[in-house]
Amino acid sequence: MSGFEVHFWPDDKKISVRAGTTLLDAGRKAKVHIRTRCGAKAACLMCKVKVNDASSKGLAPMNVNERLKLGSQAEEGYRLACQARVVGPVQVTIPEDPLKAAIRAQLARQAEDDDLF
């Protein structure tokens with residue numbers, strides 16, 4: 001299939017998709033888990049992904065709804081996977097699930113405490 005390559009990090013998975021495909025749909029095709037709850041309506045904000053400046057040209061400009069939802073995070077390179085549409089090659093980083101990050105941090109603290117004894 002001809003199209004544009006979407007590269008998902010940290011999973012290091014790549015997939016070629018047609019122009020206009022959302023990052024959420026590209027992630028599903030690549031079997032990359034992107035959290036969502038609202039059915040791709042830009043309501044839950046769970047599908048936030050990070051795109052670096054060089055890769056941002058591979059996505060269509062933000063629509064008004066996405067920009068309003070993201071606020072200042074838009075300037076930090078965040079996009080909503082359900083709204084961001086591929087128009088060129090792009091590299092996307094999927095942030096760690098907040099609950100998993102909290103558990104990982106707690107386990108790290110416990111390991112440090114165990115090392116003290």
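Is Glu 75 buried or exposed? At 63% relative accessibility, Glu 75 counts as exposed, where exposed means over 50% relative accessible area, buried under 20%, and partly exposed in between (1.4 Å probe, protein chains only).

A quick note for every view: this is a predicted model, so local features need pLDDT of at least 70 and side-chain atom pairs count only at pLDDT 80 or more, while totals for chains, interfaces and linings use all residues. Residues are numbered from 1 along each chain as its sequence is written, and side-chain values use heavy atoms, with hydrogens and water left out.

**View A. Arg 67 pairs up with Glu 75 in a salt bridge.** The N to O distance here is 3.2 Å. A salt bridge is a side-chain nitrogen of Lys or Arg within 4 Å of a carboxyl oxygen of Asp or Glu, and the structure holds 3 of them. Arg 67 is partly exposed, at 42% relative accessible area.

**View B. Glu 66 and Arg 79 form a salt bridge with both partners buried.** N and O sit 2.9 Å apart in this one. Glu 66 belongs to helix α2 (residues 64-70) and Arg 79 to strand β4 (residues 78-80), so the pair ties together parts that are 13 residues apart in sequence. Helices (H or I, at least four residues) and strands (E, at least two) are DSSP runs, numbered from the N terminus.

View C. Asp 25 is partly exposed, with 36% relative accessibility.
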